[in-house]
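Dear colleague,

Please find below the sequence and the structure that I am handing over to you. My findings follow directly after them.

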Amino acid sequence: MTDVPSTGVPTVSAGVTAVGVAVGMVGREMGLVRGAQGLLALNQVHGIDCPGCAWPEPAERARFEFCENGAKHLAHEATRDVVTADLFRQRSIRDLARESDRWLEGQGRLIEPVLRRRGSDHFEAVSWPEAFAHIGRVLRELGPAATAFYTSGRTSNEAAFLWQLLARRFGTNNLPDCSNLCHESSGKALSATLGVSKGTVQLSDFEKADLILVVGQNPGTNHPRMLATLEAAARRGCHIVSINPLAEVGLVRFKHPQHVRGILGRGTPIASDFVRVRINGDVALFQALSKAVLEREAWQPDFIDASTSGFAAFREHSLGLSWEVLVAESGVPRTQIEALAERYLQSRAVIACWAMGLTQHENAVANIQELVNLLLLRGHVGRPGAGLCPVRGHSNVQGDRTMGITPTPRPAFLDRLRDAFDFEPPRAPGLDVVDTIRALREGRVRALLSMGGNFLAASPDTTATAAALTSARLTVQVLTKLNRTAVTPGEEALLLPCLGRSDDDRGRFVSVENSMGFVHTSRGSLTPPGRTDLAPVPSEPELVCALASALLSAEERLPWRHWAQDYDAIRDAIAACVPGFQDMNARLRAPEHGFLLPNAAREGRFETADGRALFTTHPTPTLALADDELLLMTIRTHDQYNTTVYSDDDRYRGIHGERRVVLVNVADLERLGLTAGQWVDIVGRFRGEESVAERFVLIPYDIPERCAAAYFPETNALVPLDHVARVSNTPASKSLIVALRPR
Ligand SMILES: Nc1nc2c(c(=O)[nH]1)N[C@H]1C(S)=C(S)[C@@H](COP(=O)(O)OP(=O)(O)OC[C@H]3O[C@@H](n4cnc5c(=O)[nH]c(N)nc54)[C@H](O)[C@@H]3O)O[C@H]1N2
Ligand SMILES: Nc1nc2c(c(=O)[nH]1)N[C@H]1C(S)=C(S)[C@@H](COP(=O)(O)OP(=O)(O)OC[C@H]3O[C@@H](n4cnc5c(=O)[nH]c(N)nc54)[C@H](O)[C@@H]3O)O[C@H]1N2
Ligand SMILES: [Mo]
């Protein structure tokens, strides 16, 4: 038993506390001068694109255009602490692996390449040429089919374009990326129904909407700048409805930290309604809303006749669903559903936003397609103030996809690579993250190269994934800091440090694409980490080019050496291969400092097989739990960036000093004979097999009955490798069946 590490949930987000927290961390890590330099450049037109989230910046920038968490991400990256090969001389890999994730990242920035040789338990310093030559030798021996190239979503367009080109030039489409764990379900759901894999709204639409649904998303923590957009909407009377098992504080009341009213006032109420759906009750909820619209015969016939197909079947299916089942499975009372349906019908322009609460379930694609159905009923796609808005996580995850980071590229994209570079790219589909882990385990893939990220800690089934990684012949990580993956190496392994977003890259800039398809520049300006007796830390594009020169044959014709010098030349290559990027260099330098990518659905044109937006039908998922079981979602705290943990606090949920917590409804605690503050093991159950995550403390929390929440990545051992979303193959890390076993 222990004191419950909770001090009550705050009632308002951001405000001056947020400013204090941010400035504190920036000062500690970066020092005041460097910190101020970094913060003033963050999200400015000529400055650093925040490495936090992909929410767009407004056209008119504030003097301080960042949030508390953006400041933390910057401070973490721009720390003055560095790691050299000394650390690896002193400590074996096994020894380092005993340290916590936070300790590993806390050592600071890596500044020289290190190699773990076969049979050794130490990393040792190597020269850059030796590092590349070594990788080249092993990969040529293994061949392209046995190699996978992972990408995390912080990578710039320029680096990502070169990375996929290198993989394909080498001969493989094995390009798993963090998107496979994230918004893959959104891409698959939208491309099948609307003919575009991205959202259909722009920031200006938020100024025109009169109803905004925020579904399965915690913007106060994960997209804090979105709150400023929502605040402006709320202040002009737009209704904002949060659909979420938790009443996340950021959506309750927001104090804009950069406005006087946010410092002195009580803050602006954001959501006017909280629909406390039970975990994975969203399909049932959206089906119920559509049914309510159909029962009132309130669909919009003009739009449906002119622009959609599948309506008749959808209508019949929806009307045939039982209210009783929909209410039970959604966990939302019928009166609340009917009231929301009325609100929807009264709205002229509706936007639906969502994030991981919808994408990480077995029926994730259905979740999103039911939301599409609901909006299509009243024509809320392809007109001002309305549309679908998957809110992307990593700051350039959408851009990486646009650059061709995918195991299943469109044939037209490969044709353009062929024509531009005069080689035949591989046509066979490659492996995504889950399939890469399976292939590593079975020895079909023998080498994993990662451009950023933390493959092991981000992936499901930590034990199986660790075993898969250590069985590899070679693992290579391009990274800024040590992490779990780095200390879980293959037989041979290289850690290759690179520059981060905020580092000055000899004055050069790169480009990124935000969540709404706007491409713009990012220019680092802080003195990069390094030591005068060591070679300078390379940028990601430089590193890819050097690797290409070592890996590809001596007769290689592509201008890798030139690309390493001249990013404009990379952008010219992008312009030649990716639609919408014509005149990229000129348009990034024009007064608008960027450009919007074409998106047919945004304009009401649907590039599907029949040129129409598609209504789809799905069975209502039913939840079958044994008496002692709960449904667990694995979520982020306010003080982490994915696998990087900044502290043990989760301020907005009132939890302090402990991450190994399970949030449970009091009624469930009583029913299960458990008490607040008790320590338990979480037992995962999947297809008759059990997995265990040890030692978590129970916190009574305002969460629907039979639901529970705990933090990622501590709980990833509970996510079975085969528990994935249909079609998108994304781990269903928000729908885990668990039991709580007292310790
Ligand atoms: N500070 C910070 N910012 C980040 C990140 C970070 O780790 N830290 N990560 C970035 C990345 S890569 C991403 S993808 C985004 C993630 O951003 P979010 O998707 O907001 O992150 P999660 O913590 O996974 O939160 C999921 C939300 O969905 C709700 N939810 C869970 N299950 C369900 C469900 O079945 N139905 C509904 N309706 N809701 C549900 C949870 O209660 C929670 O509020 O944030 C990005 N920004
Ligand atoms: N159970 C569970 N699992 C999840 C999720 C969940 O909600 N629940 N969310 C999933 C989601 S949405 C995502 S996106 C993935 C995230 O998966 P990843 O993107 O793989 O993980 P990150 O934690 O973002 O990666 C952090 C590491 O990136 C490196 N890094 C940081 N900046 C740079 C840089 O500029 N360049 C390079 N080369 N390296 C850099 C650092 O070494 C750092 O340790 O996790 C997924 N896993
Ligand atoms: Mo993500």
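For the counts by residue class below, Ala, Val, Leu, Ile, Met, Phe, Trp, Tyr, Cys and Pro are taken as nonpolar, Asp, Glu, Lys and Arg as charged, and the others, Gly among them, as polar. Please note that the model is a predicted one.

Ligand 1

On that basis, the shell around ligand 1 consists of 13 nonpolar, 16 polar and four charged residues. There are 33 residues around ligand 1, and those that come nearest are Asn244, Glu248, Asn280, Asp282 and Asn642. Several polar contacts can be named individually. A nitrogen atom of ligand 1 lies 3.2 Å from a polar side-chain atom of asparagine 69, and a nitrogen atom of the ligand is 3.0 Å from a polar backbone atom of isoleucine 243. The side chain of arginine 636 places an N or O atom 2.8 Å from an oxygen atom of ligand 1. Taken alone, ligand 1 exposes 910 Å², of which the protein buries 99%. Two or more residues of the shell come from each of the elements α3, α10 (219-222), α18 (356-359), β22 (629-635) and β23 (640-641).

Ligand 2

Ligand 2 is surrounded by 31 residues, the closest being Glu105, Tyr150, Ser152, Glu540 and Thr643. By class, this shell divides into 11 nonpolar, 14 polar and six charged residues. An N or O atom in the side chain of glutamine 360 is 3.2 Å from an oxygen atom of ligand 2. Valine 478 contributes a backbone N or O atom that lies 3.1 Å from a nitrogen atom of ligand 2, while a polar side-chain atom of lysine 734 lies 3.0 Å from an oxygen atom of the ligand. Of the 930 Å² of accessible area that ligand 2 has on its own, the protein covers 96%.

Five of the five residues of β6 (residues 147-151) are buried. In a regular strand the side chains alternate between the two faces of the sheet. Strand β6 pairs with strand β15 (residues 447-451) in the parallel sense over five bridges, and phenylalanine 149 has leucine 449 as its bridge partner in β15.

Glycine 153 is found in the loop between β6 and α8 (157-170). With a relative accessible area of 0%, glycine 153 is buried.

A three-stranded sheet

Three strands form an open sheet in the order β1-β9-β10, with mixed pairing. The edges are β1 (13-14) and β10 (268-269); each has a single partner strand, so one side of each is left without a neighbour in the sheet. Strand β9 (residues 253-255) pairs with β10 in the antiparallel sense over two bridges, and phenylalanine 254 stands opposite threonine 268 in β10.

Salt bridges

How many salt bridges does the model contain? The count comes to 55. One of them joins glutamate 57 to arginine 225, with the closest N and O atoms 3.8 Å apart. This pair links distant parts of the chain, 168 residues apart: glutamate 57 is in the loop between α2 (32-41) and α3 (68-77), and arginine 225 is in helix α11 (residues 224-235). Both glutamate 57 and arginine 225 are buried.

Arginine 117 forms a salt bridge with glutamate 130, the closest N and O atoms being 3.4 Å apart. Arginine 117 lies in the loop between β4 (114-116) and β5 (123-125) and glutamate 130 in helix α7 (residues 128-142), so this pair ties together parts that are 13 residues apart in sequence. Arginine 117 is partly exposed, at 31% relative accessibility, and glutamate 130 is partly exposed at 36%.

Within helix α9 (residues 184-194), lysine 188 and glutamate 184 lie four residues apart, about one turn of the helix. The closest N and O atoms of this salt bridge are 3.0 Å apart. Lysine 188 is partly exposed, with a relative accessible area of 30%, whereas glutamate 184 is buried, at 5%. Elsewhere, salt bridges that share partners join Asp415, Arg418, Asp419, Glu424 and Arg427 into one network.

Yours sincerely

Terms used: Residues numbered from 1 in each chain as written. Chains lettered and ligands numbered in written order. Predicted model: local features only at pLDDT ≥ 70, side-chain atom pairs only at ≥ 80, totals over all residues. Heavy atoms only, no water. Salt bridge = Lys/Arg side-chain N within 4 Å of Asp/Glu carboxyl O. Buried < 20%, exposed > 50% of the residue type's maximum accessible area, 1.4 Å probe, protein only. Near = heavy atom within 4 Å. Polar contact = N/O pair within 3.5 Å; in protein donor to acceptor, adjacent residues only side chain to side chain. Areas by Shrake-Rupley, 256 points an atom, 1.4 Å probe, with all protein chains shown as cover. Pairing = 2+ DSSP bridges.
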